[in-house]
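Dear colleague,

Please find below the structure that I am handing over to you.

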Amino acid sequence: MRILSLNVWGGKLHAPLIPYLVEADADVLCLQEVVRSPETTSHWLLYRDGDVELPQRANLFDEINSALPDHDGYFCPTSRGELHDGNRIVHAEFGLATFVRKSLPVIGQALDFVHGQFSPDGWGEHPRPRNAHCLRLFDYDDGFAITIAQMHGLRTTDGKGDTPERQAQAGALERLVRRVWPGDERLIVCGDFNVLPDSATFGTLGKLGLFDLVTGRGHTDTRTSYYGKSGRFADYMLATPDVEVVGFDVVEQPEVSDHRALLLDLR
C-alpha cells in the first residue's frame with residue numbers, strides 16, 4: 001500500500017501538481033489546502049489577506065478527482081470565504097481532500113473539527129478553523145484493515161510553537177482517531193501539522209503508539225524552494241510499530257507546492 005500526504009498550496013503550482021499526483025500512483029492521498037468553487041468555471045481565483053495575494057486553482061478538488069478515476073474522493077471543507085476573479089467576488093470552500101483507491105473499501109470513518117467550527121461566512125480571524133479526516137480501510141489482497149487519519153494544523157501569526165490551542169487540537173485529533181481505530185491494527189496519521197518537531201503534539205499522539213517517520217528517519221526539511229522562511233518543518237507522517245515500512249521519502253523533486261510530499265510504502 002502506498003500513502004501520500006501533501007499540502008497542495010491551493011494548486012498554485014497546478015501544472016506539475018496534477019501529473020505528479022497521477023504518477024505517484026498512491027492508494028491513499030491525504031491532501032491539505034484544497035479549494036472548491038462550484039459557482040465559477042474560471043480556472044484561477046485570487047486569495048487576498050492584507051498584503052498577501054495567492055493564486056488559487058478554483059476547482060482543484062474536481063480536477064484531482066477527474067485525474068484519479070480509480071479513486072473515490074472526499075472533500076472536507078473548513079470554511080467558505082471570498083476569492084477574487086478580477087473585480088468579481090467568488091465564494092469558495094477550503095479544506096482537506098482524501099482520495100482512496102476504489103479497490104480499498106472504506107469500512108469506517110469520522111470527520112470533525114480539531115479547532116473551531118465550520119465558518120460559512122468568511123475565512124475568519126487567525127487561528128482559523130481546522131478539521132481532521134480519519135478512515136478505516138480494508139486491503140483484500142493482504143487481508144488486513146488499516147486506519148489512516150490526516151489533519152491540517154492551525155496556523156498562528158507568531159510561529160509554530162506550542163499554544164493552548166495547539167494542545168487542544170492534538171487532544172481532539174487523538175479522540176477523533178480513537179472513534180475509528182480499534183487499537184489493535186495498523187495506524188497512520190499524517191498531514192501539515194504546522195508545529196515543530198519538539199511540539200507536545202507528538203507526546204499526545206504517542207499515546208496511540210505512534211512514532212514520526214520524518215524526524216525518526218533523519219529528515220530535516222519538509223519545505224521546497226518556494227518557501228523562504230526559517231523553521232522548515234511542517235509536515236509529518238506517524239505510524240504504529242506494526243506498520244512494516246518498505247520505503248519512506250520526503251520528496252525533493254518535483255516541486256509541486258511550497259511543501260514536499262511525504263510518500264510511504266508499507267505492507
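Phe 61 and Phe 99 are both buried. Please note that the model is a predicted one. The ring centres of Phe 61 and Phe 99 lie 5.5 Å apart with the planes at 25 degrees, so this pair counts as stacked. The pair connects distant parts of the chain, since Phe 61 belongs to helix H2 (residues 60–67) and Phe 99 to strand S6 (residues 88–101), 38 residues apart.

A second pair is formed by Phe 193 and Phe 202, whose ring centres are 6.3 Å apart and whose planes stand at 35 degrees, so the pair is tilted. Phe 193 and Phe 202 are likewise buried. Through ring pairs, Phe 193, Phe 202, Phe 233 and Tyr 236 form a cluster. The count of aromatic pairs comes to 10.

Two arginines lie over ring faces. Arg 186 is placed over the face of Phe 144, at 4.0 Å from the ring centre. Arg 223 is placed over the face of Tyr 227, at 3.5 Å from the ring centre.

As to the cysteines, a search of the whole structure finds zero disulfides. Cys 76 takes part in none, and the nearest cysteine sulfur, in Cys 30, is 10 Å away. Cys 76 is buried, with a relative accessible area of 2%.

Yours sincerely

Terms used:
Residues numbered from 1 in each chain as written. Predicted model: local features only at pLDDT ≥ 70, side-chain atom pairs only at ≥ 80, totals over all residues. Heavy atoms only, no water. Disulfide = S-S within 2.5 Å. Buried < 20%, exposed > 50% of the residue type's maximum accessible area, 1.4 Å probe, protein only. Phe/Tyr/Trp six-rings, centres within 6.5 Å; stacked < 30°, edge-to-face > 60°. Helix = DSSP H or I, 4+ residues; strand = E, 2+ residues; numbered from the N terminus. Lys NZ or Arg CZ within 6 Å of the ring centre and 35° of its normal.
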